[in-house]
Amino acid sequence: MKIRRLLYLSSSIMVSLSSLLVINFGRAFAVANNCTWTGASSNNFNDATNWSSCNSTVPQTGDNLVFDNTSLGADATVNNDMTGLSAGSIVLNGSGDFGFILTGNPLTVTGGISNSASSTSSLELDMALTLTGDQTITATPGGGNFITFGDYSSPSTLNIGTSNITISQATVQANDAISGSGSITTSTPVALAGDNSGYSGDITINSGGEILVMTSTSPFGSGAVTVNSGASLYFALPGDTTVANDITLSGTGVDQSTGTLQNADFIHFGPGNGPANGGKLTLSGTVTLSSDVVYSGDLATGITGTYTPNGHTISVLAGAQGTITTPSGT
């Protein structure tokens, strides 16, 4: 009976329904604006005069946020004074030598973060950030551009939820506390400097990538870490540190002089300096070798967890001052 009644709806109701469908269809497939920051009036997001190509208003849900550094004479700080903003992507571009520092209220990003400026520059995101949906953090190939999450002296939070995050080209420093269960995969340098105890996802370092650990407080969360051939895992710690994660190692590092696994007492990485470094590293989780690997560095490392060499060996790089000890005392 319901089907028959629907077939005989009055024409006026059908017209109304048709109009409603058109409206909803239009909204569902609306094209996002590429809202480009001009900073014409202030440093606040919630001011339409500070944006161009933004439909004469401030950014709305799904709009891309574009920051051009061509005319900058110094790093520019921009304040997100909007509430609940969910942007598409965040893009830094232009031909200048300076960058942008985004501060203020929490921000959600659904479409990735990129630094495509033609000169070396930095995009720093100093607010609570949520990445929703699988996405990429990237930069111009070979550009040496930085993307930084959180100020080193006052970090915030980076929540990736269940998203799978891929990092390529850009040099990334994560000062924020990372949380969520999604995976992180990198083929480029990444520094971890925050308390990541709220993170449970797996981390994979592919060829050309290196993760630099700058914190003794749960650097990887509780997930597994895989270092593939042509990649490195570099510890530069503020003191004696125990890491309980399961770690799989293979290869000889980014190049023969770096090693797959490193524990060193000096670093200079990315925008700014890390803490004073130096300390023994203890790996108390399961350490698995997928090939022969090379250890380098200035300090001592000990494997106290389950050690599964699979017929492979760890050798110390010639000239390295550091040592590595397996459970058997080797």
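**Close-up views of a disulfide and a loop glycine**

**View A. The link between cysteine 35 and cysteine 54 is right-handed, with 70° about the S-S bond.** The pair joins distant parts of the chain, since cysteine 35 belongs to strand S1 (residues 34-37) whereas cysteine 54 sits in the loop between S2 and S3, the two being 19 residues apart. In this predicted model, the sulfur atoms of cysteine 35 and cysteine 54 lie 2.1 Å apart and form a disulfide, and the count by the rule applied here comes to 1 disulfide. A disulfide is a covalent bond between the sulfur atoms of two cysteines.

**View C. Glycine 62 is placed in the loop between strand S2 (51-52) and strand S3 (64-68).** With a relative accessibility of 28%, glycine 62 counts as partly exposed, because that class covers values between the 20% limit for buried and the 50% limit for exposed.

**View D. Glycine 62 is in contact with residues beyond its neighbours within four places in sequence.** Once those neighbours are left aside, the residues in contact with glycine 62 are Ala32, Ser86, Ala87 and Gly88. Valine 31, which is 31 residues away from glycine 62 in sequence, has its C-alpha atom 8.8 Å from the C-alpha atom of glycine 62.

Conventions: Residues are numbered from 1 along each chain as its sequence is written. This is a predicted model: local features need pLDDT of at least 70, side-chain atom pairs count only at pLDDT 80 or more; totals for chains, interfaces and linings use all residues. Side-chain values use heavy atoms; hydrogens and water are left out. Helices (H or I, at least four residues) and strands (E, at least two) are DSSP runs, numbered from the N terminus. Buried means under 20% relative accessible area, exposed over 50%, partly exposed in between (1.4 Å probe, protein chains only). Contact means heavy atoms within 4.5 Å. A disulfide is a pair of cysteine sulfur atoms within 2.5 Å.
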